Amino acid sequence: MNSNISSPVNLGNPEEHTILEFAQLIKSLVVSRSQIQFLSEAQDDPQRRRPDIRKAKMMLGWEPVVPLEEGLNKTIQYFSRELEHQANNQYIPKPKAARMKKGRPRHN
């Protein structure tokens, strides 16, 4: 984002993994007994999930440095904290009273 490059640049990990591999890895990292369901793929689902990051390397000097499992663990920890925070701090806003202006209620 802090470059002067205005054309699209692929960012991602050039290591290719199947969706099943991701599902199995995530399932094991969160210690889940959930069943993996196999559904029909979307019509525009890419058959290859391996971004070409040559442009990112050449023009931005960027390449991924966080290993897959470490990145997934960090993501899982983040969302676990967010869910815990939401569960402990359920905020239900109270409706504001309508203000009166020239004898008519005004809704915010």
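**Helices, a pocket and a glycine**

Author: This is a predicted model. In it, G12 sits in the segment before α1.

Reader: Which residues does G12 touch, leaving out those up to four places away in sequence?

Author: G12 and R49 are 37 residues apart along the chain, yet their C-alpha atoms are separated by 9.5 Å. With residues up to four places away in sequence left out, the residues that G12 touches are P51, I53, W62 and P64.

Reader: Are α1 and α3 parallel, perpendicular or oblique to each other?

Author: Helix α1 covers residues 19-29 and helix α3 covers residues 68-88. Their axes come within 11 Å and cross at roughly 55 degrees. Angles from 65 to 115 degrees would count as roughly perpendicular and those under 35 as roughly parallel. The two helices are therefore oblique.

Reader: What is the handedness of the crossing, and how do the residues of the contact divide?

Author: α1 passes α3 in a right-handed crossing. From α1 the contact takes F22, L25, I26 and L29, and from α3 it takes L68, E69, L72, N73 and I76. By class, these residues are seven nonpolar, one polar and one charged.

Reader: How much space lies in the largest pocket, and what lines it?

Author: The lining of the largest pocket consists of I19, L20, A23, I36, Q37, F38, L39, E41, D45, P46, Q47 and R49. Those lining residues divide into seven nonpolar, two polar and three charged. The space in this pocket is about 300 Å³.

Terms used:
Residues are numbered from 1 along each chain as its sequence is written. This is a predicted model: local features need pLDDT of at least 70, side-chain atom pairs count only at pLDDT 80 or more; totals for chains, interfaces and linings use all residues. Side-chain values use heavy atoms; hydrogens and water are left out. Axes are lines fitted to C-alpha atoms, for helices over the stretch in contact, and angles run from 0 to 180 degrees between N-to-C directions. Helices (H or I, at least four residues) and strands (E, at least two) are DSSP runs, numbered from the N terminus. Angles under 35 degrees count as roughly parallel, over 145 as roughly antiparallel, 65 to 115 as roughly perpendicular and the rest as oblique. A crossing is left-handed if the near helix is turned anticlockwise from the far one by less than a right angle, and right-handed if clockwise. Contact means heavy atoms within 4.5 Å. Ala, Val, Leu, Ile, Met, Phe, Trp, Tyr, Cys and Pro count as nonpolar, Asp, Glu, Lys and Arg as charged, and the others, Gly among them, as polar. On a 1 Å grid over the protein atoms alone, a cavity is a set of points where a 1.4 Å probe fits but cannot get out, and a pocket is an open set with protein on both sides within 12 Å along at least five of seven lines; lining residues have an atom within 4 Å of a point. Grid points are joined across faces, edges and corners, and a volume is the space filled by probe spheres set on the points.
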